[in-house]
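Please keep the sequence and the model at hand while reading.

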Amino acid sequence: MSKTRRWIITLLALLALILIGVNLVDRDEAPPPVTSDNEPTYKSDQSTTLVYSPEGALSYRLVTKHVEYFSSTSVSWFTQPIVTTYDSDQKATWSIRADRAKLTQERMLYLYGHVEVNALSADSQLRKITTDSAQINLVTQDVTSDDLVTLYGTTFNSSGLKMRGNLRSKTAELIEKVRTSYEIQNK
């Protein structure tokens with residue numbers, strides 16, 4: 001083989017290796033889109049979410065006008081949420097609504113603005129709870145608030161600061177500055 005032919009073959013081989021390298025670099029997957037902590041991973045309007053217990057019973061239903069999920073913090077934000085909780089017999093027990101809500105990965109629901117909790121079962125002495133903000137553990141159904149809370153019962157109205165309660169046991173306790181009025185029923 002002549003020197004010219006060797007040089008041409010070497011140059012062609014080198015050119016082929018360069019083209020193969022460029023081709024492989026182009027095939028790399030594009031990096032995932034960069035999202036900041038301020039940008040939601042997804043958004044949805046008019047959403048309904050059903051959550052079931054490990055036994056397959058409906059635990060709660062969440063209906064919302066708008067939802068945004070942030071994967072970086074595993075937090076969902078809801079606009080005008082309505083949560084309906086269910087007991088072990090699949091009967092609706094409470095309806096919970098607010099202007100805004102935040103749901104964390106630990107199943108803690110933080111409610112903001114015009115929070116209203118209404119009893120849906122006829123046997124509950126506690127009929128309604130109103131406040132400006134509250135937190136509900138959706139697993140244990142513990143409810144707390146550090147704001148002014150008003151409790152409405154079948155024969156009483158109470159208001160006070162800092163409430164602790166449990167929706168499952170249908171109890172609520174006002175901690176500070178409690179004012180109560182009772183209606184005495186004649187038999």
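This is a predicted model: local features need pLDDT of at least 70, side-chain atom pairs count only at pLDDT 80 or more; totals for chains, interfaces and linings use all residues.

In which element is the place of Leu19? Leu19 belongs to helix H1, which covers residues 3-27.

**Surface patch**

- Ile8, Leu12, Leu15 and Leu19 make up a nonpolar patch on the surface, and together they have about 400 Å² of accessible area.
- Leu19 counts as exposed because its relative accessibility is 54%, and the cut-off for exposed is over 50%.

**Largest pocket**

- The largest pocket holds about 390 Å³ of space.
- It is lined by 22 residues, and those closest to its centre are Ser59, Tyr86, Val139, Gln141 and Arg168.
- Two or more lining residues come from each of strand S1 (42-52), strand S2 (58-70), strand S4 (82-86) and strand S5 (92-97).
- S2 gives the largest share of this lining, with three residues.

**Second largest pocket**

- The volume of the second largest pocket is about 230 Å³.
- Its lining has 15 residues, with Thr49, Tyr60, Ser76, Phe78 and Leu103 nearest the centre.
- At least two lining residues are supplied by each of S1, S2 and strand S3 (75-79).
- The lining of the second largest pocket comprises eight nonpolar residues, six polar residues and one charged residue.

**Salt bridges**

- How many salt bridges does the count give? The count comes to three salt bridges.
- Lys170 and Asp123 form a salt bridge in which the closest N and O atoms are 3.1 Å apart. This pair links distant parts of the chain, 47 residues apart: Lys170 is in the loop between S10 and strand S11 (171-182), and Asp123 is in the loop between strand S7 (108-119) and strand S8 (126-137).
- Lys170 counts as partly exposed at 28% relative accessibility, whereas Asp123 counts as exposed at 56%.
- Arg164 and Asp146 meet through their side chains in a salt bridge, with an N to O distance of 3.0 Å. Because Arg164 lies in strand S10 and Asp146 in strand S9 (residues 142-153), the pair ties together parts that are 18 residues apart in sequence.
- Arg164 is partly exposed at 33% relative accessibility, and Asp146 is partly exposed with a relative accessible area of 47%.
- Lys162 forms a salt bridge with Glu176, and the closest N and O atoms of this pair are 3.4 Å apart. Lys162 lies in strand S10 and Glu176 in strand S11, so this bridge ties together parts that are 14 residues apart in sequence.
- Lys162 counts as partly exposed at 30% relative accessibility, and Glu176 counts as partly exposed at 32%.

**Backbone features**

- Most residues other than glycine have a negative phi.
- Ser74, which is not a glycine, has a positive phi of about 55 degrees. Ser74 is located in the loop between S2 and S3.
- Lys162 also has a positive phi, near 55 degrees, and is a residue other than glycine. Lys162 is found in strand S10, which covers residues 156-166.

Terms used. Residues are numbered from 1 along each chain as its sequence is written. Side-chain values use heavy atoms; hydrogens and water are left out. Patches are made of residues with over 30% relative accessible area and no salt bridge: like charges are joined within 9 Å, nonpolar side chains (Val, Leu, Ile, Met, Phe, Trp, Tyr) within 5 Å. Accessible areas come from the Shrake-Rupley method with a 1.4 Å probe; for residues, only the protein chains shown count as cover. A salt bridge is a side-chain nitrogen of Lys or Arg within 4 Å of a carboxyl oxygen of Asp or Glu. Helices (H or I, at least four residues) and strands (E, at least two) are DSSP runs, numbered from the N terminus. Buried means under 20% relative accessible area, exposed over 50%, partly exposed in between (1.4 Å probe, protein chains only). On a 1 Å grid over the protein atoms alone, a cavity is a set of points where a 1.4 Å probe fits but cannot get out, and a pocket is an open set with protein on both sides within 12 Å along at least five of seven lines; lining residues have an atom within 4 Å of a point. Grid points are joined across faces, edges and corners, and a volume is the space filled by probe spheres set on the points. Ala, Val, Leu, Ile, Met, Phe, Trp, Tyr, Cys and Pro count as nonpolar, Asp, Glu, Lys and Arg as charged, and the others, Gly among them, as polar.
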